[in-house]
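Good morning, and thank you for joining this group meeting. I would ask you to keep the sequence and the structure in view while I speak.

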Amino acid sequence: MTTPIAPLTERPAWKALEAHAATAGSLHLRTLFADDPGRGERLTLEAAGLVFDYSKQRVTDETLALLLQLADESGLRQGIDAMFRGDRINVTERRSVLHVALRAPRGHSIVVDGEDVVAQVHGVLDKMADFAARVRAGEWKGHTGRPIRNIVNIGIGGSDLGPVMAYEALRHYSQRDLTFRFVSNVDGTDFAEATLDLDAAETLFIVASKTFTTQETMTNARTARDWALATLKDPEAVARHFVAVSTNAAEVSAFGIDTANMFGFWDWVGGRYSMDSAIGLSTMIAIGPDHFRALLDGFHQMDEHFRTAPFARNLPVLMALLGLWNNDFLGAGSVAVLPYEQYLKRFPAYLQQLTMESNGKQVTRDGTPVVVQTSPIYWGEPGTNGQHSFYQLIHQGTRLVPCDFIAFVRPIHPLGRHHDLLLANVLAQAEALAFGRTRTEVEAEGTPAWLVPHRTFPGNRPSSMLLADRLTPAVLGGLVALYEHSVFTQGVLWDIDSFDQWGVQLGKVLAERILPELEARDEPPLGHDSSTNALIRRCRTLGGK
């Protein structure tokens, strides 16, 4: 019989951390480094091609020991085993959570409801690879016999954020005579701008929707069909210019897509964990099947590290524990993700969904209120751009903002001294955040007394450094899996369901109610609050209704 797990704040390690934070939380990184000259080498570990330096986090050995104790008391080992086993850990939707199966090597086995899901995954991957190879070679012809040169992915949420992030991150590896566009917003501008310079005879749309009923995606898909047929005329052309990533064959067929060109996935694949499933079809077309499999291998390397490494040397576990310490004990309400790599410009936006949709929860798995802060706010921009934007607040503002720096030793484009300058900046920013500049140091520079307070930096701002050799498909896979498992780890500790997203539903339901009220020819009776009613009337009046 499994021993019941006490509520989070009643666990011995949590209580000890509260007492510990009263003293350790005020320690300065200057002191921690001065007292431990080897700290920078000691608080570093490596996995799946990533080096993780967490020495600039505001923790002591006692902090780390108590956090690891909390992981044990929270049943993290059992939680990891349950996920990899295929247990239905998504409790509100009664589903398994098996994104790890999407990157399991051929020949591995994970059995769910009597079926080996890894074999199914590789069946879809093989189908994707065959289709991608045909498009890349110009063998997949459009309705007029011309090869496809433009690919437009239509999705939203994980069906968009994952593919667009991966395309931008791996653009160096993409086939450059193909054009890739991504449409997600129901705002018509998104579709209009994405297709403005495209030729319908050479354009393929990938419609990514598990149910094929997602409002925003299907609105854009129907507009895409109208746009294509305005040029191609023949409804039969839809089958040559549209493919689907979905599980709803009836709706796919009704749309006009040949179900032979439907790429499926499973209910145990959550949208924000799906970029390595058939949702990644556009990615595979862009970078090719071999690079896509290297991406999957990077994911799998991190999966295995997370599954097998002891927690004290487990990169996702330590990242999660440090984040929880900053969030729940040091009062930091956000995390800045700062990739010093232009190709990762969409990575912070991708992480926003992964982290905040997963752990932005207010009740535990059994429905009782959470009594601590759960997910912090994730945000960020590539360096060095952010340095001339929001770093001022991070360095000298009144809010504590922990930072995840991401950097690469070797550039993809070696131009002059660009990369050395980029690396110098990321290392300098982490150093400046940690150690700051004291009043004495500023005064020693001969700074006028009235200016000294303005040029003093408090330091003691925590950060971690993720360093890899070079941005490759495998490294990207490991990086994404690192954050996936860190999110899961924190969810286990907070005892929340990291794999549902009921918070996105209410607005959709209300939008369905408001839509006909905006479109009605005659003013309908309105039963909203006075503000919403007034805004609907104003929109109708200004819109000529």
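At what angle do helix 1 and helix 14 pack? In this predicted model, helix 1, residues 12-24, and helix 14, residues 315-329, pack at an angle of about 65 degrees. Their axes are 11 Å apart. Helix 1 is therefore roughly perpendicular to helix 14, since angles from 65 to 115 degrees are counted in that class. The crossing of helix 1 past helix 14 is right-handed.

Please look now at the residues that form this contact. On the side of helix 1 they are Trp14, Leu17, Glu18, His20 and Ala21. They meet Leu324, Trp325, Asp328 and Phe329 of helix 14. Sorted by class, the residues of this contact comprise 6 nonpolar, 1 polar and 2 charged.

Helix 14 has a further partner to consider. Helix 13, residues 289-308, crosses helix 14 at roughly 75 degrees, and the two axes come within 7 Å. Helix 13 is thus also roughly perpendicular to helix 14. Here Met302, His305 and Phe306 from helix 13 meet Leu315, Pro316 and Val317 from helix 14. This contact contains 5 nonpolar residues, 1 polar residue and no charged residues.

Which residues have the most contacts inside the largest nonpolar core? They are Ile285, Phe347 and Tyr483, in a core of 126 residues. The element that gives the most to this core is helix 20, residues 473-494, with 12 residues. If we set aside neighbours within four places in sequence, Tyr483 is in contact with Met319, Val337, Phe347, Leu351, Leu354, Asp404, Ile406 and Leu466. There is also a second, separate core of 24 residues, and Val183, Phe205, Leu232 and Val238 are among its members.

Phe205 leads us to Thr195, because the two residues are in contact, with contact taken as heavy atoms within 4.5 Å. Thr195 also contacts Trp227, again leaving aside neighbours within four places in sequence. Thr195 lies in helix 8, residues 188-195. Is Thr195 buried or exposed? Its relative accessible area is 4%, so Thr195 is buried.

Let me now move to the backbone.

Ala48 sits in the loop between strand 1, residues 44-47, and strand 2, residues 50-53. With a relative accessible area of 19%, Ala48 is buried, because the cut-off for that class is under 20%.

Another is Phe212, also not a glycine, with a positive phi of about 60 degrees. Phe212 belongs to the loop between strand 7, residues 203-208, and helix 9, residues 215-232. Phe212 is buried, at a relative accessible area of 3%.

The remaining place is the peptide bond from Gly383 to Thr384, which is cis, with omega near 10 degrees. Thr384 is in the loop between strand 11, residues 377-379, and helix 16, residues 391-396.

How far apart are the C-alpha atoms of Val504 and Glu357? They are separated by 8.6 Å, with the two residues 147 residues apart along the chain. Val504 is partly exposed, with a relative accessible area of 33%. Thank you for your attention.

Conventions:
Residues numbered from 1 in each chain as written. Predicted model: local features only at pLDDT ≥ 70, side-chain atom pairs only at ≥ 80, totals over all residues. Heavy atoms only, no water. Axes fitted to C-alpha atoms, helices over the stretch in contact; angles between N-to-C directions. Helix = DSSP H or I, 4+ residues; strand = E, 2+ residues; numbered from the N terminus. Parallel < 35°, antiparallel > 145°, perpendicular 65-115°, else oblique. Left-handed = near helix turned anticlockwise from the far one by under 90°. Nonpolar A, V, L, I, M, F, W, Y, C, P; charged D, E, K, R; others polar. Core = buried A, V, L, I, M, F, W, Y, C linked by side-chain atoms within 4.5 Å. Buried < 20%, exposed > 50% of the residue type's maximum accessible area, 1.4 Å probe, protein only.
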